[in-house]
Amino acid sequence: MRVKCPQCGMEQDYDPADPYCRYCKSSLSPPQQATPSPQQQPSTPAAPPQATPATKFVIYAFAKDGSKNPVAEVVENGPEVVLGRNDLQKFAWRDPDTISRIHVKFKVAGGKVYVRDDGSTNGTYIDGADIRGKGDVEVPPGKEVVLVNPVSPVVKLVVEPKTGP
């Protein structure tokens with residue numbers, strides 16, 4: 001039975017073993033059995049809507065020499081990007097052990113990037129404000145996400161829209 005994705009609007013066959021949209025990976029609801037009323041007339045199927053391209057961003061880490069290095073990509077309706085000590089230690093300006101094993105999580109929703117710190121030991125900061133335990137916090141364009149200490153950071157990250165394929 002066919003269902004329509006509530007996120008991207010694409011129609012597809014529903015598979016209870018894999019109840020996710022094959023286009024945008026959103027959860028699909030099981031199809032509902034409709035009982036047609038006598039007044040319903042058969043309708044001409046509408047053309048499927050065009051899938052909009054996913055919004056993509058690149059997370060960069062600044063090296064101590066000021067160079068920007070790509071760390072990960074985060075995509076609208078895609079999985080969260082989780083970054084921690086193993087991912088970021090080579091970009092640490094000092095004391096890489098102060099970066100938590102799971103330090104920050106990035107996601108894209110509504111074309112905006114959000115970061116979350118669910119309780120790292122030493123914190124995550126945007127404009128000097130500690131965002132630990134504050135849920136998803138929007139990363140304003142051009143703002144740095146600083147790990148461990150806002151005055152003497154261990155890692156500085158910035159998120160920029162991805163250009164090209």
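Student: In the protein chain, what share of the contacts with a separation of 6 or more comes from residues 24 or more positions apart?

Tutor: This is a predicted model. In the protein chain, residues 24 or more positions apart account for 38% of the contacts with a separation of 6 or more.

Student: How do strands of a sheet pair, and which order has the open sheet of four strands?

Tutor: Strands of a sheet pair through backbone hydrogen bonds, either parallel or antiparallel. Here the open sheet of four strands runs E5-E6-E7-E10, and its pairing is antiparallel. Strand E5 (81-83) and strand E10 (137-138) each have a single partner strand and stand at the edges, so one side of each lacks a neighbour in the sheet.

Student: How many bridges pair E7 with E10?

Tutor: Two bridges, in the antiparallel sense, join E10 to strand E7 (residues 112-116). Tyr 114 stands opposite Glu 138 in E10.

Student: Where is Ser 120, and is Ser 120 buried or exposed?

Tutor: Buried means under 20% relative accessible area. Ser 120 has 5%, so Ser 120 is buried. Its place is in the loop between E7 and strand E8 (124-126). Leaving out residues up to four places away in sequence, Ser 120 touches Ser 100, His 103 and Arg 132.

Student: What percentage of the residues of the protein chain count as buried?

Tutor: Of 165 residues, 34% count as buried. The accessible surface of the protein chain is about 10,300 Å², with 50% belonging to carbon and sulfur atoms.

Key: Residues are numbered from 1 along each chain as its sequence is written. This is a predicted model: local features need pLDDT of at least 70, side-chain atom pairs count only at pLDDT 80 or more; totals for chains, interfaces and linings use all residues. Side-chain values use heavy atoms; hydrogens and water are left out. Buried means under 20% relative accessible area, exposed over 50%, partly exposed in between (1.4 Å probe, protein chains only). Contact means heavy atoms within 4.5 Å. Accessible areas come from the Shrake-Rupley method with a 1.4 Å probe; for residues, only the protein chains shown count as cover. Two strands pair if DSSP finds at least two bridges between them.
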